[in-house]
Amino acid sequence: MDKLLFGDNQFFGVNHMSEEKARQQQIRFQRIEAVIDVLIDAYEEQVTTFMCTTHDRIGEVAAYFLEHQDRYPDMTFFPGMPYAHKYANAVTTDGMLGALKKFLPSSGRVDAAVRGASSLMSKDIEAMVIMLIDAEMKMFEGLPTPVIWLQNVVTDLLLGLGFDDAFTIFAEHVRSRYNAEPGFITMNLPMLAPVLSRLAIPSPLICSNINKIGFRMPGGIEKYRKALESHDFRPVAMSVYASGAIAPDEAIQWVCEQPNIESIVFGASSRRNIRGTRELVDKYWRTR
């Protein structure tokens, strides 16, 4: 896995420190061409892995890079699912079964629809989870997706409910159907790491906030460091700049000093900022 991954928060107006900046980004990236332009900038800066949600607009991005694979042969997608708002909106307009049919995979739509209805009636959670994974992966057909993530809104809900079997279902299906590594995004690394260890999911990827000031790190930095040192998983650090609260050089140096970090995911809106992060990671990763 690349040591540097490119995230998509900036494309959808997500900024945890500034509502005004988030609004400006949302306006700027209303055109899908603006999103693609930044991804091409990242690609040309040797940041070729796009860690993204399954927002409907990402489908347009995926279609572009599928059409231009000869031009961008190393472009790789790390989808994160589910995109909760997409399902909520579909249920509101189409009803539960209508929403499921809307997002079903292109192959076996009728059989899958029947299976979906049966699952709802019998509360067959495993079948539902598998069906929804396959639905989310539709937009990436034909593209390399070597890692598939479970988004934190679901990871942390399952974690809180104690429904640990769902993590195993997700991991096994991602590996068997898509030959991909399962990843789990969480807002509580110290709580999730021992659960995945107990489930014996081999070397899972876990993405969480890891930054020098403990921004959005429940329990504090020391609990996170202990988790990094004491459990068998592959950590991916996000929010390393703490939404701009830490100077770039200081932020990257600190993260690169933490134990066992496998990758860093970041977002940026300009080629200059992409290059700046890449150069800092190249500088400090060598000292690990």
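How many helices and strands does the secondary structure of the protein comprise? The secondary structure comes to twelve helices and eight strands, where helices (H or I, at least four residues) and strands (E, at least two) are DSSP runs numbered from the N terminus. The structure is a predicted model, in which local features need pLDDT of at least 70 and side-chain atom pairs count only at pLDDT 80 or more, whereas totals for chains, interfaces and linings use all residues. Residues are numbered from 1 along each chain as its sequence is written, and side-chain values use heavy atoms, with hydrogens and water left out.

The predictor's confidence in each residue is expressed as pLDDT, on a scale from 0 to 100. The mean pLDDT of the protein is 88, and 82% of its residues reach 70 or more. Among the contacts in the protein with a separation of 6 or more, 75% are accounted for by residues 24 or more positions apart.

Of the 288 residues in the protein, 50% are buried. Here buried denotes under 20% relative accessible area, exposed over 50%, and partly exposed the range in between (1.4 Å probe, protein chains only). The accessible surface of the protein comes to about 13,500 Å², and 51% of this surface belongs to carbon and sulfur atoms. Accessible areas were computed by the Shrake-Rupley method with a 1.4 Å probe, and for residues only the protein chains shown count as cover.

Strand β3 (residues 76-81) is largely enclosed by the rest of the structure, because six of its six residues are buried. In a regular strand the side chains alternate between the two faces of the sheet. In β3, T76, F78 and G80 point one way, while F77, P79 and M81 point the other way. Strand β3 pairs with strand β2 (residues 49-53) in the parallel sense over five bridges, two strands being counted as paired if DSSP finds at least two bridges between them. Within this pairing, T76 of β3 is the bridge partner of T49. Together with helix α3 (residues 56-67), strands β2 and β3 make a right-handed β-α-β unit; a crossover is right-handed if, with the strands pointing away from the viewer, the path from the first strand over the helix to the second runs clockwise. Strand β3 is also joined to strand β4 (residues 147-150) by two bridges, and these strands run parallel. Here M81 stands opposite L150 in β4.

P82 is found in the loop between β3 and α4 (84-102). Most residues other than glycine have a negative phi, and most peptide bonds are trans. Positive phi values occur in A242, near 50 degrees, and in S243, at about 55 degrees. A242 lies in the loop between β7 and α11 (248-257), and S243 is found in the loop between β7 and α11 as well. A242 is buried, with a relative accessible area of 0%, whereas S243 counts as partly exposed at 27% relative accessibility.

A search of the whole structure finds 16 salt bridges, each defined as a side-chain nitrogen of Lys or Arg within 4 Å of a carboxyl oxygen of Asp or Glu. One of the salt bridges is formed by K3 and D282, with the closest N and O atoms 3.6 Å apart. This pair links distant parts of the chain, with K3 in the segment before β1 (4-6) and D282 in helix α12 (residues 271-285), 279 residues apart. K3 is partly exposed, with a relative accessible area of 31%, and D282 is partly exposed at 25%. R278 and E45 form a further salt bridge, the closest N and O atoms being 2.8 Å apart. Because R278 lies in helix α12 and E45 in the loop between α2 (32-44) and β2, the pair ties together parts that are 233 residues apart in sequence. Both R278 and E45 are buried. K3, D41, E44, E45, R271, R275, R278 and D282 are linked in a network of salt bridges.

The side chains of E181 and R234 also meet in a salt bridge (3.7 Å, N to O). This pair links strand β5 (residues 181-185), which holds E181, to strand β7 (residues 234-238), which holds R234, the two residues being 53 residues apart. E181 is partly exposed, with a relative accessible area of 29%.

Definitions and conventions. Contact = heavy atoms within 4.5 Å.
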